[in-house]
Amino acid sequence: TQSTGNSSDSEYMAGLLSTYGYRITDDPMSADLWLLNSCTVKTPSEDGLRNSILSANKLGKKVVVAGCVSQGAPGTKFLEGFSIVGTHQIDRVVEVVEETMKGHSVRLFGQKRQGTRIMGGASHHLPKIHKNP
């Protein structure tokens, strides 16, 4: 399930990765790493995410998980050992991808704060790659 915010987060993450020299592809077979962004903590979304992770494993792909499902239930058995970038940390996706490519598991969660003020996720000044439906 993709929400508007989730699609926007995907575009920001793709923009950041592209800016840092990563090639973005829609072809899962040619990708070295799968960045799976899933939203809404409900059974269909969890099942879809679990199936995608299993497929990536079978193909020997590295995996980074983003979005509400991983943020809401990071201790879920099928997420063990995988890198996760929380919804408020997507501006750090490049760091998570780089560490994952080195074979490390990274988990970044939590809300950003500036003093006592809670900050949102991605800055609107980040690069974006827009996907046309």
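The questions below concern a predicted model.

Me: In what order do the elements of the chain run from the N terminus on?
Reply: The model is predicted, and its chain holds four helices and six strands. Read from the N terminus on, the order of the elements is α-β-α-β-α-β-α-β-β-β.

Me: What percentage of the residues of the chain count as buried?
Reply: A residue is called buried when its relative accessible area is under 20%. The chain has 133 residues, and the part of them that counts as buried is 38%.

Me: How much of the accessible surface of the chain belongs to carbon and sulfur atoms?
Reply: The accessible surface of the chain comes to about 7600 Å². Of this surface, the part belonging to carbon and sulfur atoms is 51%.

Me: Which elements give two or more residues to the largest nonpolar core?
Reply: The largest nonpolar core has 15 residues, and those that touch the most other members are Met-13, Val-64, Val-85, Val-93, Val-96 and Val-97. The elements that supply two or more residues to this core are α1 (4-19), β2 (62-66) and α4 (93-101).

Me: Which residues does Val-93 touch, not counting residues up to four places away in sequence?
Reply: Val-93 is one of the residues that touch the most other members of the largest nonpolar core. Leaving out residues up to four places away in sequence, Val-93 touches Met-13, Leu-16, Leu-17, Leu-35 and Val-85.

Me: Why are the buried residues of α4 on the same side of the helix?
Reply: In α4, the buried residues are Val-93, Val-94, Val-96, Val-97 and Thr-100. They lie on the same side of α4 because the arc they cover around the axis is only 165°.

Me: Is Thr-100 buried or exposed?
Reply: Thr-100 lies in helix α4. Not counting residues up to four places away in sequence, Thr-100 touches Leu-33, Lys-62, Val-63, Val-64 and Ser-83. Its relative accessible area is 5%, and the cut-off for buried is under 20%, so Thr-100 is buried.

Me: Which residue follows α4?
Reply: The residue that follows α4 has a positive phi, near 95°. That residue is Gly-103.

Me: How far apart in space are Ser-30 and Lys-61, C-alpha to C-alpha?
Reply: Ser-30 lies in the loop between α1 and β1 (33-37). Not counting residues up to four places away in sequence, Ser-30 touches Arg-23, Thr-25 and Lys-61. Ser-30 and Lys-61 are 31 residues apart in sequence, and their C-alpha to C-alpha distance is 9.7 Å.

Me: Which residue forms a salt bridge with Arg-92?
Reply: Side chains of opposite charge can pair when their charged atoms come close. Arg-92 is partly exposed, with a relative accessible area of 32%. In its salt bridge the closest N and O atoms are 3.0 Å apart, and the partner is Glu-95.

Me: Is Lys-102 buried or exposed?
Reply: The side chains of Lys-102 and Glu-99 meet in a salt bridge, at 3.2 Å from N to O. Glu-99 is partly exposed, with a relative accessible area of 25%. Lys-102 has a relative accessible area of 57%, and the cut-off for exposed is over 50%, so Lys-102 is exposed.

Terms used: Residues numbered from 1 in each chain as written. Predicted model: local features only at pLDDT ≥ 70, side-chain atom pairs only at ≥ 80, totals over all residues. Heavy atoms only, no water. Core = buried A, V, L, I, M, F, W, Y, C linked by side-chain atoms within 4.5 Å. Buried < 20%, exposed > 50% of the residue type's maximum accessible area, 1.4 Å probe, protein only. Contact = heavy atoms within 4.5 Å. Arc of directions from axis to C-beta. Areas by Shrake-Rupley, 256 points an atom, 1.4 Å probe, with all protein chains shown as cover. Salt bridge = Lys/Arg side-chain N within 4 Å of Asp/Glu carboxyl O.
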